[in-house]
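Here are my notes for someone opening this one for the first time. Have a look at the picture, then go through the points in order.

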Amino acid sequence: MNKNNLTRRDFLIKSASLMTVVYIIPDLVSKTEAKPLDEKVSSKTKWAMNIDVDKCTKGCTACVEACIEENGLYGMDRPETDSQWIRKLTLKDIKTEKIVELPMLCQHCENPPCCDVCPTGASFRREDGIVMVNQHTCIGCRYCMMACPFKARSFVHENLTEQLTSAPRGKGCVESCNFCANRIDHGSDMTACEEACQKEGHKAITFGDLSNPKSRVNESLASKPSRRLRSDLKLKQRVTYSGI
Amino acid sequence: MGQNFYRYLFLFIILTPLNISSHNNEPHSIKGSSKADSMTQCVEPTEIMQKEHFVFLYHQRDNTVIDGIRTKQHSLANCIDCHVGYDEKGVAIPINSEGQFCQTCHVQTAVNIDCFSCHATVPRDKGMKRIKASDNNNHLSDKIKDITTYYHSNNHE
Amino acid sequence: MDKIIFQRLKIEAPLFWKLFLGLGFFILVGYLCAHYMETEGHYVTGMNNQIVWGMPHVFAVLLIVIASGVLNVASMSSVFNFKLFKPLAPLSALMAVAFLISGLVVLVLDLGRPDRLIVAMTTYNFKSIFAWNIFLYSGFAAILVVYLWFMLDRTVSNYSKPVGVFAFLWRIILTTGTGSIFGFLIARDAYGTAILAPLFIIMSLLYGTVIYFLLLKVINYFQDTLMTDEVKDNLRKITIFFLFANLYFLALYHITNLYISKHYDYEVFILTAGGIYTIIFWIGQVLIGLLLPLYLLLNKNSNNESNFMISSLLVVFGSFAAIYVIIISGQAFPLNIFNDYIIVESSFYDNVIHDYTPSLYEIGLGIGGVALSLIIILIAIRNLDFLPSVIQIRKPLVDEKSD
């Protein structure tokens with residue numbers, strides 16, 4: 001009897017979850033090795049990204065737009081205070097005067113300065129290497145923004161209303177790129193920016209698991225030398241750049 | 001005369017908040033429009049939910065953010081999806097707005113939660129589309145049929 | 001024979017209430033400003049994603065630095081056995097508490113989520129110097145309260161010396177911690193150097209001393225406390241000493257920065273090309289804050305009291321400029337992300353020296369903080385026996401609580 005009840009409840013729960021519209025990730029890319037939803041992330045997975053600057057196209061902002069859409073980062077048209085998780089930079093080589101463009105985002109350091117300085121530990125590095133802000137314990141002191149060498153973080157300066165279900169965010173906390181953690185946890189192995197870059201046909205951004213030899217990021221790392229920015233700080237970023 | 005005038009003025013002023021707060025113009029949620037309304041069970045037994053729903057939420061919150069566990073059972077997104085009500089036009093009504101699910105009890109017990117300054121109060125997906133009750137309810141009625149048949153077959157065993 | 005007793009501030013009630021309401025008004029304004037910033041969000045301030053710490057932090061850091069500094073007088077009496085300052089020590093500890101509390105209040109009210117203060121008090125990341133500072137600050141407040149108690153309560157006053165020594169050590173660590181908030185920021189060219197910690201200590205010593213002098217002067221205006229010429233002369237002498245020390249450490253900081261290639265660009269910026277920041281540095285911090293006071297204090301009629309007053313006011317102005325330069329211009333200078341490229345275009349102001357216009361709300365909050373520290377001092381000295389004064393004792397035994 002008891003057992004029967006239990007299974008019935010289980011069934012109800014399962015059907016209830018089935019019934020709910022899959023609003024979080026409508027277009028899951030089903031992957032063979034995806035982590036089950038109820039399993040903790042582990043350091044067996046090492047998410048990383050490589051950006052091939054030679055392939056990044058002038059004037060293209062597909063990755064930025066994809067990020068905005070994925071995370072509901074609509075702005076208030078106040079560029080000084082609006083959040084930017086990923087942005088395009090135009091650089092000039094000091095010696096050759098060559099102009100290049102590249103996307104700049106949280107570099108997901110293995111020794112992240114933001115996490116070292118955070119007084120409450122809200123800035124943290126997830127087991128799989130994603131550096132992010134636990135917005136439930138962030139007090140909004142902005143010390144992490146002072147500490148970040150890449151200006152990767154933004155502070156939410158005003159009340160927000162139309163947040164996405166999949167990307168909660170709100171006033172008074174610091175936020176930044178989280179390698180689309182929600183998407184990744186639901187089985188995708190592609191961030192929104194990489195997807196957009198692929199769709200544009202540029203394939204400058206490659207994301208993936210470093211411990212999977214066949215991952216796209218490993219392939220691109222193998223095909224071309226890459227480097228970390230500000231290597232003098234020894235932060236061991238998981239985001240690397242090729243071609244600069 | 002003058003005294004009466006002041007008396008009425010006084011009454012008027014006192015009652016103004018009532019006039020304003022009677023929300024005639026606000027969308028009414030249709031009773032029974034949420035998915036939960038056509039179901040019998042929450043994600044845990046109801047008595048437990050009434051008393052301890054926030055324990056599950058707090059637990060899930062850390063599990064999700066720190067460990068990347070994305071199970072649905074205690075997910076806040078899921079609570080909202082199931083409990084959110086819809087108005088006549090089939091548009092979801094913010095779940096923390098007056099009279100809605102996550103608000104009524106809390107007003108009565110003077111609990112103040114800030115979750116909805118960040119968390120979406122209605123199911124809202126990437127394309128910024130709002131989910132329509134009509135889509136949902138069609139979907140829902142099919143499923144309810146499934147459930148009832150399951151129930152019956154199970155009971156007959 | 002003269003005997004020192006401690007008294008309350010004996011000003012008339014109307015005057016007290018006038019002062020109280022005056023300060024209360026600024027506190028209220030400060031609170032409203034903070035409330036507005038919190039409900040609207042920080043976009044109403046001059047702060048943004050480039051200048052993330054603004055005027056509230058300038059005020060807060062300044063108040064905390066002063067808090068540690070005003071304890072000088074107490075430390076000199078308890079640690080260095082400087083008898084002259086002994087009667088003035090309790091007042092010094094009181095001021096330290098007051099400035100510390102208000103500095104922290106300003107800091108907390110500027111958080112993005114002040115409502116989560118409880119999180120800050122209960123979850124610590126011990127890698128963070130900021131978390132350590134929370135300990136250092138609350139510990140300092142606790143020690144000061146015990147110290148005050150030991151100094152004022154005759155029955156336990158024998159122990160006041162060890163507590164005083166402890167408070168002294170603690171404040172040195174505390175200011176080191178405050179300096180390290182910036183010293184550990186390796187990412188930014190302006191910070192990330194260990195010299196910031198001693199620089200902060202020496203700044204705190206200087207600012208604390210002049211603030212103590214100024215406040216004592218104000219109190220003295222209403223009621224004769226033991227502000228003898230000897231006291232003034234000693235305060236003046238240590239001020240001169242701290243001014244020199246400050247100049248020395250400032251020079252050391254900037255000169256070493258010039259030799260660290262990573263910091264070179266920033267040094268050139270702040271010393272020559274930083275526009276408003278360079279002006280604030282040279283005119284505000286160096287000229288008004290250090291050189292002019294030194295000149296005034298060392299010149300012929302340096303014993304002149306108004307000279308000391310003016311120099312003290314100049315130092316206070318300079319202290320503000322100094323903290324402003326450290327906090328704001330350090331952020332205004334763009335991050336150096338690429339060493340062999342220059343950034344020519346960015347939607348996030350990566351390539352510009354950012355300017356900062358503080359909003360009235362931030363300034364209001366800061367001034368509210370200053371008013372808060374003053375009101376704490378006012379209330380305390382009016383209700384508790386803090387002010388020393390000399391009475392001539394005719395009969396050797398006299399009831400001390402005769403007032």
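1. Start with a salt bridge in chain A: the side chains of Asp54(A) and Lys224(A) meet, with N and O 2.6 Å apart. The two partners come from distant parts of the chain, 170 residues apart. Asp54(A) sits in the loop between β1 (47-52) and α2 (62-71) of chain A, while Lys224(A) is in the loop between α7 (216-223) and β9 (226-227) of chain A. Keep in mind as you read that this is a predicted model.

2. How many salt bridges are there over all chains? The count comes to 31. Between chain A and chain C the count is four. Asp116(A) and Lys127(C) form a salt bridge too, and their closest N and O atoms are 3.2 Å apart.

3. On to the contact of chain A with chain C. Chain A brings 58 residues to it and chain C brings 56. About 5,000 Å² is buried between the two chains, and carbon and sulfur atoms give 56% of that area. Which residues of chain A lose the most area to chain C? They are Tyr143(A), Met146(A) and Lys151(A), and together they make up 16% of what that side buries.

4. Helix α6(C) packs against α7(C) at an angle of about 155°, and their axes are 9 Å apart. Angles over 145 degrees count as roughly antiparallel, so that is the label for α6(C) and α7(C). Their crossing is left-handed. Sorted by class, the contact of α6(C) with α7(C) has 18 nonpolar residues, seven polar ones and one charged.

5. Helix α7(C) also packs against α8(C) (residues 196-222). Here the angle is about 130° and the axes are 7 Å apart, so α7(C) and α8(C) are oblique to each other. The crossing of α7(C) with α8(C) is right-handed. On the α7(C) side, the residues in contact include Arg171(C), Ile172(C) and Phe182(C); on the α8(C) side, they include Leu196(C), Phe200(C) and Leu205(C). By class, this contact has seven nonpolar, seven polar and one charged residues.

6. Last pair: α10(C) (residues 261-273) and α11(C) (residues 276-298). Are they roughly parallel or roughly perpendicular? Their axes come within 7 Å and cross at roughly 75°, so α10(C) and α11(C) are roughly perpendicular to each other. Phe269(C), Ile270(C), Leu271(C), Thr272(C) and Ala273(C) of α10(C) meet Tyr277(C), Thr278(C), Phe281(C) and Trp282(C) of α11(C). Seven of the residues in this contact are nonpolar, two are polar and none is charged.

Key:
Residues are numbered from 1 along each chain as its sequence is written. Chains are lettered from A and ligands numbered from 1 in the order in which they are written. This is a predicted model: local features need pLDDT of at least 70, side-chain atom pairs count only at pLDDT 80 or more; totals for chains, interfaces and linings use all residues. Side-chain values use heavy atoms; hydrogens and water are left out. Axes are lines fitted to C-alpha atoms, for helices over the stretch in contact, and angles run from 0 to 180 degrees between N-to-C directions. Helices (H or I, at least four residues) and strands (E, at least two) are DSSP runs, numbered from the N terminus. Angles under 35 degrees count as roughly parallel, over 145 as roughly antiparallel, 65 to 115 as roughly perpendicular and the rest as oblique. A crossing is left-handed if the near helix is turned anticlockwise from the far one by less than a right angle, and right-handed if clockwise. Ala, Val, Leu, Ile, Met, Phe, Trp, Tyr, Cys and Pro count as nonpolar, Asp, Glu, Lys and Arg as charged, and the others, Gly among them, as polar. Contact means heavy atoms within 4.5 Å. Buried area is the accessible area (1.4 Å probe) that two parts lose on being put together, summed over both.
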